[in-house]
Amino acid sequence: MNIISQNMAFGGMQGVYSHQSEACNCDMTFAVFVPPAAIAEKRPVLWFLSGLTCSHANVMEKGEYRRLAAELGLIIVCPDTSPRGDDVADELTDWKLGKGAGMYLDATEMPWAAHYKMYTYITEELPALIAEHFRADMSRQGVFGHSMGGHGAMTVALKNPGRFKSCSAFAPIVEPTTADWTANAFGQYLGADKAKWAEHDACALVKSGARFPEFLIDQGTADPFLDEGLRPWLFEEAIKGTDIGLTLRTQEKYDHSYYFVSTFMEDHLRWHAERLA
């Protein structure tokens, strides 16, 4: 693991690191904020998964999480959204496919399958690295994310309910298999068999029996992607008749940006901290 940068913040340490990923077959970069309480004891881990076109840097620079994470004693891990590098396949004419748009799944179709193994990376490889190098209590993990990262957080939680104790999302893509916004990427990464797509779709996972105790979702009413790709009401409909809890909050006049995410970041951190206590 290579240190790219380390900066003191609110008594803790904001670091950016890189390593050679076996899963993604390239160098991967990630960010970790370690609170001051981790000097004395292992602390809970909260994963933030970023959205389309983003990297670890977006939430690190705009998410405004460090002050409260230091107070609550939370380790915040921010992975990248896709593999990177000159040898990594990309699509220059579609920002919803390729670098920055890994969709948090394991691609099975070439050329993507050579590097795009983001599900394995964030559920197996990177957690092992965090456990080895940071004072992390891996028995207390939560996950949240924004947009594509909200989709990733919800599907990862539904597929790993024994690992994660909390899950929330800012403007998540809840049913990517039926959204024009994301269907092309799913077809490119996973092929024509839509049964494989359903394994990475929150609504489809719930309908097939996957369960997680509860979710917190914030959605802005001025979000330009609300009707085209996000559609949180579909998840609300999917969980009817189940024991899954959902707090779906509609935030008037907020859009899809990090102005929205940073505004409600404190609510989400406190919500996770209660469940990771």
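Does E175 count as buried or exposed, and what is its relative accessibility?

Analyst: E175 counts as buried, at 12% relative accessibility. Buried here stands for under 20% relative accessible area, exposed for over 50%, and partly exposed for anything in between, with a 1.4 Å probe and protein chains only. Before we go further, please keep in mind that this is a predicted model, in which local features need pLDDT of at least 70, side-chain atom pairs count only at pLDDT 80 or more, and totals for chains, interfaces and linings use all residues. Residues are numbered from 1 along each chain as its sequence is written, and side-chain values use heavy atoms, leaving out hydrogens and water.

Let's see what E175 does. Its partner in a salt bridge is K207, with 3.8 Å between the closest N and O atoms. This pair links distant parts of the chain, 32 residues apart: E175 sits in the loop between β7 (164-170) and α5 (180-190), while K207 belongs to helix α7 (residues 202-207). A salt bridge means a side-chain nitrogen of Lys or Arg within 4 Å of a carboxyl oxygen of Asp or Glu. Helices (H or I, at least four residues) and strands (E, at least two) are DSSP runs, numbered from the N terminus.

R231 is found in the loop between α8 (226-230) and α9 (233-238). Although R231 is buried, it has no salt bridge, and E175 is its nearest side chain of opposite charge, 4.3 Å away. For charges, Lys and Arg count as positive and Asp and Glu as negative, with His and the chain ends not counted. The salt-bridge rule asks for a distance within 4 Å. Leaving aside neighbours within four places in sequence, R231 is in contact (heavy atoms within 4.5 Å) with V174, E175, T178, A179 and L226.

For comparison, here are some other charged pairs. D218 and R249 form a salt bridge whose closest N and O atoms are 2.8 Å apart. D218 is in strand β8 (residues 214-220) and R249 in strand β9 (residues 245-251), so this pair ties together parts that are 31 residues apart in sequence. D218 counts as buried at 0% relative accessibility, and R249 as partly exposed at 25%.

R67 and E71 give another kind of example: their side chains meet in a salt bridge of 3.8 Å, N to O. These two residues are four apart in helix α2 (residues 66-72), which means about one helical turn separates them. R67 is partly exposed, at 41% relative accessible area. A network of salt bridges links R67, E71, E266 and R270. The count of salt bridges by this rule is 14.

Finally, a step back to the whole. The protein chain has 10 helices and nine strands, and buried residues make up 60% of its 277 residues. Of the contacts between residues at least 6 apart in sequence, 72% join residues at least 24 apart. The C-alpha trace spans about 50 × 45 × 35 Å along its principal axes.
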